Amino acid sequence: MKRFVFLTLTLLWMAFIFGMSAQQGEQSGELSNKVCKAICYVVVDGYGEMDSWTQQQYIDRLSYPVRKGAHMTEYAVLGIFLMETTYSFRFDKLRKKKGKRRKGFFGQLFWSFNIGALYACTDEYHQLYVANRAGQPRDVLFDIAGLCAGLMVAYIIQKIRVGRIWRRPDFDPVKYENFAYDYGIPMRKYKE
């Protein structure tokens with residue numbers, strides 16, 4: 001069941017990113033301006049009483065960080081979903097190196113990062129064919145930076161989850177022996 005849930009969330013989020021990238025330049029700019037205006041109303045004192053030229057100056061200054069922050073946020077969420085999906089499917093066991101399985105977190109990280117980075121590249125390529133949009137290598141770097149942030153958050157979530165499993169009173173070390181081996185966690189001796 002977890003596999004289906006995380007795979008569905010990942011695919012829906014990828015569709016959301018695709019939909020945002022498919023917006024024409026004017027639509028994307030209007031959305032960014034609305035977000036910038038909302039931020040200015042909250043952050044800048046007296047923004048509502050300013051003349052329209054001054055308001056537009058604030059929006060123009062804020063537009064670039066908001067757009068790049070949106071890129072990074074989209075891909076941070078994608079990174080979290082990809083890590084959870086690869087964990088549920090155990091893609092880490094599919095990659096072989098010199099006849100040995102790559103174990104645990106590094107296998108998940110390998111697959112999650114590569115899938116996310118490839119999707120970032122194809123997303124920017126897709127924007128080349130959208131009216132008034134441009135696919136830029138710099139945006140791919142912002143996407144990958146957001147992806148890495150999401151992967152780090154997912155790693156922290158998984159470590160917290162592992163810690164909770166180890167501290168449970170009904171913990172059965174035999175049941176979780178493979179789990180511990182996959183994550184490189186040394187098995188502790190428990191009283192029986």
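This is a predicted model: local features need pLDDT of at least 70, side-chain atom pairs count only at pLDDT 80 or more; totals for chains, interfaces and linings use all residues.
Biologist: Which residues of α1 are buried, and what puts them on the same side of the helix?
Modeller: Thr10, Met14, Ile17 and Ser21 are buried in α1. They cover an arc of only 60° around the axis, so they lie on the same side of α1. An α-helix has 3.6 residues a turn, so residues three or four places apart point the same way.

Biologist: What does the face of α1 turned away from its buried side carry?
Modeller: That face carries Phe4 and Leu12, which are exposed; the cut-off for exposed is over 50% relative accessible area.

Biologist: Why is α1 called roughly antiparallel to α3?
Modeller: The two helices pack at an angle of about 155°, with their axes 9 Å apart. Angles over 145 degrees count as roughly antiparallel, and therefore α1 is roughly antiparallel to α3. Their crossing is left-handed. On the α1 side the contact includes Phe6, Trp13, Met14 and Ile17, and on the α3 side it includes Tyr75, Leu78, Phe81 and Phe89.

Biologist: How do you know that the length of α2 agrees with its number of residues?
Modeller: Helix α2 covers residues 25-43, which is 19 residues, and at 1.5 Å a residue it should span 27 Å. Its end C-alpha atoms are 26 Å apart, which agrees.

Biologist: Which residues of α2 are buried, and what do they pack against?
Modeller: The buried residues of α2 are Gly25, Ser28, Ser32, Cys36 and Cys40. They cover an arc of only 105° around the axis, which puts them on the same side of α2. These buried residues pack against α3, residues 52-89. On the other side of α2, Lys34 and Val42 are exposed.

Biologist: What makes α2 roughly perpendicular to α3?
Modeller: The axes of α2 and α3 cross at roughly 110° and come within 8 Å. Since 65 to 115 degrees counts as roughly perpendicular, α2 is roughly perpendicular to α3. The contact includes Ser28, Ser32, Cys36 and Cys40 of α2, with Tyr58, Ile59, Leu62 and Val66 among the α3 residues. α2 passes α3 in a right-handed crossing.

Biologist: What makes Glu26 partly exposed?
Modeller: Glu26, also in helix α2, has a relative accessible area of 42%, and so it is partly exposed. Glu26 and Arg133 are 107 residues apart in sequence, and their C-alpha atoms are 9.0 Å apart in space.

Biologist: How many helices and strands does the protein have, and in what order do the elements run?
Modeller: There are six helices and two strands, running α-α-α-β-β-α-α-α from the N terminus on. Of the 192 residues, 35% count as buried. Among contacts with a separation of 6 or more, residues 24 or more positions apart account for 66%.

Key. Residues are numbered from 1 along each chain as its sequence is written. Side-chain values use heavy atoms; hydrogens and water are left out. Helices (H or I, at least four residues) and strands (E, at least two) are DSSP runs, numbered from the N terminus. The expected span of a helix is 1.5 Å times one less than its number of residues. Buried means under 20% relative accessible area, exposed over 50%, partly exposed in between (1.4 Å probe, protein chains only). The arc is that of the directions from the helix axis to the C-beta atoms. Contact means heavy atoms within 4.5 Å. Axes are lines fitted to C-alpha atoms, for helices over the stretch in contact, and angles run from 0 to 180 degrees between N-to-C directions. Angles under 35 degrees count as roughly parallel, over 145 as roughly antiparallel, 65 to 115 as roughly perpendicular and the rest as oblique. A crossing is left-handed if the near helix is turned anticlockwise from the far one by less than a right angle, and right-handed if clockwise.
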